[in-house]
Amino acid sequence: MEKNEKLLEIHHLRKDYGNGPVLKDVSLDVHKGEVLVLIGPSGCGKSTFLRCMNGLESIQSGEILLDGQVISGDKTKWSEVRQKIGMVFQSYELFPHMTVIDNVLLGPLKVQKRNRQEAEEEAKKLLERVGLLDKKDVYPRQLSGGQKQRVAIVRALIMKPEIMLFDEVTAALDPEMVREVLDVMLELAKGGSTMVIVTHEMQFARAVADQVVFLDGGEIVEMDAPEAFFNCPKTKRAQKFLNTFTFESKDE
Amino acid sequence: MQDLGIRVLFMGNNFIRLLGGLWITIKISLISVVLSIFLGILLGMVMTLKNPITRCITKVYLEFIRIMPQLVLLFLVYFGATKTFGVQLSGQVSAVVVFTLWGTAEMGDLVRGALISIPKHQYESGAALGLENIQIYRYIIIPQTLRRLIPLAINLTTRMIKTTSLIVLIGVVEVLKVAQQIIEANRYTVPDSALWIYGTVFFLYFLACWPISLLATWLEKKWKN
Amino acid sequence: MSEYAHLYVEAAKLTLGLGAAGILFSLIIGLVCSLVQYYKIPVLKRIVSVYIELSRNTPLLVQLFFLYFGLPKIGIMISSEGCAVIGLSFLGGSYMAEAFRSGLEAIENSQMESGLAIGLSHAQVMRYIIFPQALSISVPALCANVIFLIKETSVFSAVALADLMYVAKDLIGLYYQTDEALLMLVIAYLILLLPISLAAAWLERRLRYAGFGN
């Protein structure tokens, strides 16, 4: 896999809601085929960071480039950019008034103006891949959380995005459903997709990431390969953060 | 000479007369609202009963009252009662009767809605303590439903005041009738007074209803949490 | 009884025609006002909320008196029919606006975001995602408003329109046909309103059954 080509570049990004910066001077490159996992304590700005990448949040300064083109300017046609940047949300956000297949087809038909038959074939293939082909004609309310989230992933995938953003996609799920969603993502990663993932699942981060990015207080504190990061974090803040996930045995 | 029209308003006791007319409207509304609230609470409780006969009767009552324009109901009582029962009801009494019938239906449905929204285990835990049905309502259910109901009941008051404007059409002398009389009396001296007088009546109604609406909205927001 | 029936039929036609026109304009006014409020357009937002308060806190009858008897004094002459439609639209617009607004507000902002995230334009998100959901939430309130407005047409006789109330009053006043006039009046309104009321209940049940909700 060629991993040198820069797909998404973020230079000196600053984000401010008006009461102090949420993100201060953050720079990050995402290479083609790379899986980046963003971790950090709640409120560190990792979700905001992700949402800046596809323009759901405006930025105060800095720039974002996709395929070498600046996409953070005023003249950006976000609807074109967003076809190349897929996103999956924590709360699934399926459209409740449409069946599963119509949810998946909305983008291809209305945005990309693709042929219905061809798009439908692909939708079915993707649904089959996540094990939900038999649910294609039901409404979202009839699905479990894990199933909804897998549909949401398919809805993003069918646009053939160059990069996928995952915003805490398992945070709202019951524990037994987390696995089915993570498995789908792991499979995508193996297939060479470029992904940026915000998550609290450390085991998963370790398994899926090429690079782990640790954010705290609105800046990137540490960035490393997963083994190195989890085994011997260099910064105090990262050590402290990782300690919150382990329990000392009472015998020790 | 448009700026002269408003002069009529301050001639003699015209403005006071208009306010007096408005008071008739408000008085009828308030009497009807108070009666409606009491009867509506009773009706609402009856409507939650599982008895098929009471269900059927209350349902027909509610649907009929709701589907008929209030003016039709006024005609039925004002003209119909006289003919059928031989009692001569005055316009004001007819109005109170009609608006109470109407308000009771509206209030009853609100009460029913509030009552059935109380979880079943509230009734059951009351019963488990050995409370009588009446006591369950008195101590457990009604206090919980009141907060939900009070803003709605206040809202009903503004609807009642607005609807009461109809009584001019069965000959009750209220604010619109007084307005007509004032305009008639000044027909030759101030020919354009209608604009000002009716404009004033419009704002009098607004001033009567608006604060009540605001109060209802405020209470609703305040008690939501 | 039949000798007066045609009077009621004519009157009902008038009521329905004016009612339909008023309801149509109410829907348009309501939609525009609710969008102004939804997008919080600076100055217009203020104007809309003043309009809504004025409209909701005054009776239609008084609005009609002002239009029909008041305005001609400053040279604005509007026909009875015109007054009826304007008055009904002025009243209904605010009720429809509230119905649309509550539907729009019920849709989470995250639905907008997820629509944008798959590349839909703002207008496309409104059309395919926000409006269909908002509308289905608004339907019960919209139906209730339609029935409410048709009932409100009963005051049209006050501006010299020969509607159902006018015919009934005529029969009572001129011919002392009280029983018959009142009975026909009730029947006429039942025929007008019962089907609409049943249709509304059916529609509401269907929508609730299709019940979206996540």
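Tutor: A helix axis here is a line fitted to C-alpha atoms over the stretch in contact, and angles run from 0 to 180 degrees between N-to-C directions. Keep in mind that this is a predicted model.

Start in chain C. The pair is helix α4 (residues 80-106) and helix α6 (residues 122-152) of chain C. Their axes come within 8 Å. They cross at roughly 155 degrees. Angles over 145 degrees count as roughly antiparallel, so α4(C) is roughly antiparallel to α6(C). The crossing of α4(C) past α6(C) is right-handed.

Now the residues. From α4(C), the contact includes L88(C), L91(C), G92(C), Y95(C), M96(C), A99(C) and F100(C). Further along α4(C), S102(C), G103(C), L104(C) and A106(C) also take part. On the α6(C) side, the contacting residues include I130(C), A134(C), L135(C), I137(C), S138(C) and A141(C). Also in α6(C) are L142(C), N145(C), F148(C), L149(C) and E152(C). Sorted by class, the contact has 16 nonpolar, five polar and one charged residues.

Next, the neighbours of chain C. Two pairs of chains are in contact, and chains B and C share the most contacts. There, 33 residues of chain C meet 30 residues of chain B. On the chain C side, the elements giving two or more residues are α2 (42-56), α3 (60-70), α7 (164-175) and α8 (178-210). The most comes from α8(C), with 10 residues. By class, this side of chain C has 21 nonpolar, seven polar and five charged residues.

Chain A also touches chain C. Here 22 residues of chain A contact 19 residues of chain C. On the chain A side, α2 (78-84), α3 (100-111) and α5 (145-157) each give two or more residues. That side divides into 11 nonpolar, six polar and five charged residues. Chains A and B do not touch. Their nearest C-alpha atoms are 23 Å apart.

Last, a look inside chain A.

Then follow β9(A). Five of its six residues are buried, so β9(A) is largely enclosed by the rest of the structure. Four bridges pair β9(A) with β3(A) in the parallel sense, and F214(A) in β9(A) stands opposite I39(A). With β10(A), the run is antiparallel, over five bridges. One bridge pair is V212(A) with D224(A) of β10(A). The hairpin of β9(A) and β10(A) has two residues between the strands. In this hairpin, G217(A) takes a positive phi near 55 degrees.

Methods. Residues numbered from 1 in each chain as written. Chains lettered and ligands numbered in written order. Predicted model: local features only at pLDDT ≥ 70, side-chain atom pairs only at ≥ 80, totals over all residues. Contact = placed C-beta atoms within 7 Å. Nonpolar A, V, L, I, M, F, W, Y, C, P; charged D, E, K, R; others polar. Parallel < 35°, antiparallel > 145°, perpendicular 65-115°, else oblique. Left-handed = near helix turned anticlockwise from the far one by under 90°. Buried ≥ 20, exposed ≤ 12 C-beta atoms within 10 Å, placed from the backbone. Pairing = 2+ DSSP bridges.
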